[in-house]
Structures are given as C-alpha cells and as structure tokens.
Number of protein chains: 2
Amino acid sequence: MKFDLLATDPGSSARAGLLHTGHGVIETPIFMPVGTAGSVKAVHQRELEQDIQAQIILGNTYHLYLRPGLGVLEKAGGLHRFNGWSKPILTDSGGYQVYSLAANRKITPEGATFKSHIDGSKHHFTPENVMDIQRSIGADIVMAFDECTPYPCDYAYAKKSLDITHQWLKRCVDRMQSTEPKYGYGQALFPIVQGSVYKDLRERSAEFIAAQNQPGNAIGGLSVGEPHEDMYAMTSLVCAILPASKPRYLMGVGTPENILECIALGVDMFDCVMPTRNARNGMLFTADGIINIKNERWKDDLSPIDATLGGYVSSFYSKAYLRHLMINKEILGAQIATIHNLTFYLWLVKEARKKIQEGTFAAWKNDMVKRVRERR
Amino acid sequence: MKFDLLATDPGSSARAGLLHTGHGVIETPIFMPVGTAGSVKAVHQRELEQDIQAQIILGNTYHLYLRPGLGVLEKAGGLHRFNGWSKPILTDSGGYQVYSLAANRKITPEGATFKSHIDGSKHHFTPENVMDIQRSIGADIVMAFDECTPYPCDYAYAKKSLDITHQWLKRCVDRMQSTEPKYGYGQALFPIVQGSVYKDLRERSAEFIAAQNQPGNAIGGLSVGEPHEDMYAMTSLVCAILPASKPRYLMGVGTPENILECIALGVDMFDCVMPTRNARNGMLFTADGIINIKNERWKDDLSPIDATLGGYVSSFYSKAYLRHLMINKEILGAQIATIHNLTFYLWLVKEARKKIQEGTFAAWKNDMVKRVRERR
C-alpha cells in the first residue's frame, strides 16, 4: 500500500492524497460507507459505485465471521467476490464489538470472549485469530484488534485498557508478518490509537502506534459520547504525532460538521453509520442543512431532494415523494434516503478535497460547517 | 386507446398484441408489477424500467386517495409526475378493498363506506367519486368500481352483488363520459366481470360488460381462494364472450403457472402481488422452478440467482449472497429478490409472446408449466 500526499491546505492541517490498494486508488479525504454484514443497507453495489461514487466500503469482522462464516467467504474467494464489490474494502476488527457488546463479552490479556448476538453461542477472539479471520475475509485494509473504551472511562481503566490494546497490537503485527494474503493482493494493517480523552494516554498511544511503522494509522475510541471539543482536541493531538506520510483514519466519525472539522485537523479517512442509519429514520443531510423529511412541511414540496449534488437519485425524486414513501414505511423510502445521504457525504469529501488542492479549504470549511449543521 | 391484435396461437386461445396508451405502447401478454401506494416495494423506478423492463405498473385508488392524497397528486400533475414513472399506469378502483377490508366497510346501492386502515377515519366511495379520484391520479387505465366477491360466496349474494356491480358500472361509464382527463392524455375505463364461480352469472356479466363497449375488459373476483380449475373454467368462459378486439385483463393472477394457463385461455394482462410479496419472504421464481432462498442448501451456492433471464441483478448476485442477506434481514435481500422475481415474470410473458408470434405457444406452455411449478 502506497500513500501519495498531494497537497496540504495552507490555512489548516487538511491534506489531499491518493491511497493505492490492490483494488484501486482511493482519493483522500474519503468517507467510507458502512456495510457491516457485507451490504451497505438498502443500497445495491452498482448504486454504491455509480451513483454514490463510493471508493471504499467497510465490513465488520465480528458480523462476517458469524454470518455468512469463513467457509463461505473462502469458497467465494473473499468478501469482494462474495458481495460483488470490486473496489477496496476495510474491515473493522471486532474491537468496536468489545465496546458495544459490553454486557456479552469478557476481556482478558489473552483476548475477548463474546456471546453471539444471534444465538448466544460463545466465540473467543484473539489478536491472532482476528488477523486470520481478516485474511479470510480478504479486506484491503485490516484493523488491529483493540479495545474501544466507553465514555466516560476512568483514567485507571483507560490506562490498563491501553496497555492491553498495545500488547494486542504487537501480536497483530507479528501475525500479519507471519501469514500471507489468501487471494493474491496485499492487505495493510492499520493500528489504532486509544486512550480515551486523556492527553497523556493519547500521546503515548500515538507514539507507540506510529513506531509500528504500518501503512496507515487509525484513531479509535472517539465519537462514543464525549463532547465534540474533546473529540477535536484528541484528534488534533494525535494527528500531530502520527506520521504525515501515512493516511490517518478517524473511526466512527461522524456528522458532516465533524468530518469537515477533522479533515481540517489532518484526518484522511472516515466511516460512520450516521448517513445510512439516520436515512432510514428520515433524516437527510444536504448542502443546505439537515431535513426531517417526515415533516408536514415537505408534503407538497415537489422540488428535488438536493439538486446541488448532481447525483441521479437526489435529483430524480422529489421531497414530497420521498416524504410519502417514508410516511408509508415503503422500503423505497429507505433506499432513496440512504443513497441520498451517502451521495451527500461523498460529495462533501470530494468538495473538501478540491478546496484543499486549490488551497482554499479553511475558509470554505468555516462557511460550510455553518450550512451543513443548520436544521431546516 | 388502441389495441392491435398481432397474432393468435394456433394451438390455444393465446394472443399477442400491442396496446397503445398516452404513455407508450404495451406489448401483450403483459404482467403489471403492483405499486400500491405509488411504489413497487423495494424497487427504484429506474430498475423497473431498465432491469425488470416493466411496461406498465399498478397503483391503488384507495391507498393513493388516503396518502399522499389528491391535493399532492394534482399539484404534481398526476401520479406519473409524482413518482417519476413515465410509462403507463393502471389504477385499481378500490373494489378490491371492498373485498379485503370486509370488516371495515359497508356496501349500499349508492356506494361503499370504508374505515381507513391508517387512522380509522370514514370515507365514502361511489362510482362517481372513484372515477373522479382516478382522474386526479391520472392513470392511463382506470378500473370500474365494483364489488370483488369473496370465496366461497353463496349464489344469492353473488347475484345481488353482481347487480350492484353492473349498476355501478353504468354510473362509472356515465361519469367518465361527462368528465375530462386532467393532464392532457386519455384515460381508458375497463369494466370488470364478476359473478363468483357461477357459470350463468359469469356469462351474464361478461355479456353485460362486453356491451359497454369500453376500450378493454377485466375479469375480477378470481384468485380469491377458489380451486384453480374454477379459475380456469371461469376465465375460459368469460374470454369466449369478451370481444377479441379488446385487451382482457385478469385481475390478481397469479403464479407463473396460472399466468401461462390463462394466457392460453386468451388473457392479455395480469397483475399480482405474489412476485413482490413472496420475494420479501425469500421465495424466488425461476425458469427452473421455485426456490426458498433461505434454505441451508443455498448457503455456499455461488452460482447466479438465474442467469437464464439475462437480467443484471439475477446474473450479478449469487444465491449464497442473497441467502446471506435474507437470513440477516438485510434490506438489500428484499431488493434483489423483488427485482429478480419481477424480472422473471416479465421474462416469462415476453417468452410467451415470442412463442405466440412463432405459433408454438401451446407446446412450449405445457413444458414450461411443469418447469416453473417445480420446487427445488
């Protein structure tokens, strides 16, 4: 994996780059739609590529391991072949499930034991087998196995957890070095900075992660309920330590505003369920702010959802029709809203990239942040 | 509306024709996907046109009247403009709701009073206002307001109901003649033959309906639970009476087998929720029979869903991936299965049409019926 840093914004730490993978080149900054179980909910693969213009999507190790299971994925020749998405894929490691399934897992220095959310069966994840699973899934970017700490998290726990995350990282690196990809293309490991909202832990973690000298680096454990100022402060601190020559991925972030602010801090890659999950509830993100499409106000508004974006779906369907579908709980409503929101997120990072390359990002960002957070 | 009868099969009563409407030409025999509330569930309009190659879809008067309501539809310039489907639309009249909402409606010679399934509010439908509503919706083909009798239905009730349906038809015809289309293109009224499974009532009804001399004719009140032999017997009887020069529409039918058999009896148009509703439960119709895609058997079957059809979706996705999506209740599963089933239904009627034009329909039909009803 190769990362070309093409431009840095004079008024901020924003960067534009190219990330080369075995399934093509990714233009950064980039937003990665979440496809937990091998499908970005309510979106066809063709729509992801042609309408949304996604360049990379996420899968989730824990979910894919449970279903369809590694046997099917290996027989298919990996997730790309299984789901028909031929561009890059990144798999989250299951570290987020260590956080979200708190009541149904136990962590030891050896690894984590989960109770499946599907049938209650027990599964043991270790840094080693999580790497092996990601070899079988065949993602282009595989994430280290870590603990994503909750918020709030007391200092003692955050410190102890960080030590485990760092020990696990060593084992992840070793395992990746001692195994080969299964499907003929390279797989890059991204370590994850943790440390909750504690400056010294975040600094120590960022230095430790940077020292592993992996092809890219991630920032985890944010966007879990902490104030935005903490998220920005930690991101800023960590970005200053992580090497500029490698892509930086801020996990699970966020609103359009969060993304713009964190691009300004030097982040290159983002993922979040917000555009997809909120779409299914009728919340639309547009270039002019946030819309609840179920509101009476849109009942007879026959204007396109958002013609600014140039996307087929956002221009073809009207607000009134989408409202009608959402009110009627028609599946097509979820489909249209999801495609729209993802089209908007991809449009936003593309615009940001253009502004970075033009050297006008900072001023544009300050204006755009005000627009995208407005509630209409 | 003009109907060109192009060919009649020498070995059956099957016909191939062209039905000209204000939104383009329909090749018959045809299957019409059901879009009750202005959306064929889980399918984009673009997919309907390009992948499924639907030529006409259905809307439902009762549902569209309740939501989005006539105000919005009129402001949009009719349903085509509202939902972006620019090919022909047929609207069911609400007669089916007279049947399906039996507990929540009251019929008098004047009309029917419904309690809305949404909020319990009362609505009065008459032949006149149902025609007016369909003028506002703007369908190319509008159905007469009738009573669809249940099965079983005693003779006395079927007879009394038929008299009301015929009286209502007169009022529908009068109303259509005394009003104008709202959006600049013609709207054709199709009367509906009723009479339950009683030969004399069906004959009388078919003669009465034929005498109205409308641009097309429909057969209702079948596929409501009666044995298939009754459905075929009534259809055969009625087709022999309805004029050959006009299209014949058999409402709510049916399985692929039913459709093939009824094409052989002289039916030109079909609609049914089966391909869409059953798709959402994992039942797939293919050229080689019926599949329950949730079965363990398809778990690692990486072959295309059905490459015979030539459709993008049915060739692109594998059985194993679709099974995985259905088992995980992923929305994309419903989307793929629906597009597949409709692609199959449209493929089936297109193949039938080809065989009719070649004069080889009867033998092909007998073979095909065996294949499509097989459970794999």
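This is a predicted model: local features need pLDDT of at least 70, side-chain atom pairs count only at pLDDT 80 or more; totals for chains, interfaces and linings use all residues.
**Entry 1: what covers helix H13 of chain B**

I noted the buried ones by name: Lys319(B), Ala320(B), Tyr321(B), Leu322(B), Arg323(B), His324(B), Leu325(B) and Met326(B). Following H13(B) I came to Lys329(B), which has a positive phi near 55°.

**Entry 2: the contact between the chains**

How many residues does the contact take from chain A and from chain B? I found 41 from chain A and 41 from chain B. The area buried between the two chains is about 3,600 Å², and carbon and sulfur atoms give 56% of this area. On the chain A side, the residues that lose the most area to chain B are His44(A), Arg46(A) and Tyr321(A), together 17% of what that side buries.

I have six salt bridges down for chain A with chain B. One that I looked up pairs Arg46(B) with Asp51(A), where the closest N and O atoms are 2.6 Å apart.

Which helices of chain A each supply at least two residues of the side that touches chain B? My list reads helix H1 (45-50), helix H3 (70-76), helix H4 (79-83), helix H12 (312-316), helix H13 (319-327) and helix H14 (331-358). H14(A) gives the largest share, six residues. By residue type, this side of chain A divides into 21 nonpolar, 10 polar and 10 charged.

**Entry 3: the annotated span and His123(A)**

I checked the record too: an unreviewed UniProt entry annotates residues 13-371 of chain A as "domain: tRNA-guanine(15) transglycosylase-like". The span is 45% helix and 16% strand, and its end C-alpha atoms lie 21 Å apart.

I then picked out His123(A), which sits in strand E9 (residues 122-125) of chain A. Is His123(A) buried or exposed? Its relative accessibility is 16%, and the cut-off for buried is under 20%, so I put His123(A) down as buried. Its side chain makes a polar contact with the side chain of Tyr65(A), at 2.8 Å. Leaving out residues up to four places away in sequence, His123(A) touches Tyr65(A), Leu66(A), Ala112(A), Thr113(A), Phe114(A) and Ser116(A).

I found a cis peptide bond between Thr28(A) and Pro29(A), with omega about 0°. Pro29(A) is in the loop between strand E3 (24-28) and strand E4 (30-32) of chain A. Another cis bond joins Arg67(A) to Pro68(A), with omega about 10°; Pro68(A) lies in the loop between helix H2 (61-66) and H3 of chain A.

I also looked at positive phi angles. Lys329(A) has one of about 55° although it is not a glycine. I located Lys329(A) in the loop between H13 and H14 of chain A, and at 73% relative accessibility it counts as exposed. In chain B, Gln53(B) is not a glycine either, and its phi is positive at about 60°. Gln53(B) lies in the loop between helix H1 (45-50) and strand E5 (57-60) of chain B, and with 42% relative accessibility it counts as partly exposed.

Terms used
Residues are numbered from 1 along each chain as its sequence is written. Chains are lettered from A and ligands numbered from 1 in the order in which they are written. Side-chain values use heavy atoms; hydrogens and water are left out. Contact means heavy atoms within 4.5 Å. Buried area is the accessible area (1.4 Å probe) that two parts lose on being put together, summed over both. A salt bridge is a side-chain nitrogen of Lys or Arg within 4 Å of a carboxyl oxygen of Asp or Glu. Helices (H or I, at least four residues) and strands (E, at least two) are DSSP runs, numbered from the N terminus. Ala, Val, Leu, Ile, Met, Phe, Trp, Tyr, Cys and Pro count as nonpolar, Asp, Glu, Lys and Arg as charged, and the others, Gly among them, as polar. UniProt positions are given in the numbering used here, feature names are shortened, and annotations may be inferred rather than shown by experiment. Buried means under 20% relative accessible area, exposed over 50%, partly exposed in between (1.4 Å probe, protein chains only). A polar contact is a pair of N or O atoms within 3.5 Å; within protein, one must be able to donate a hydrogen and the other to accept it, and residues adjacent in sequence count only if both atoms are side-chain atoms.
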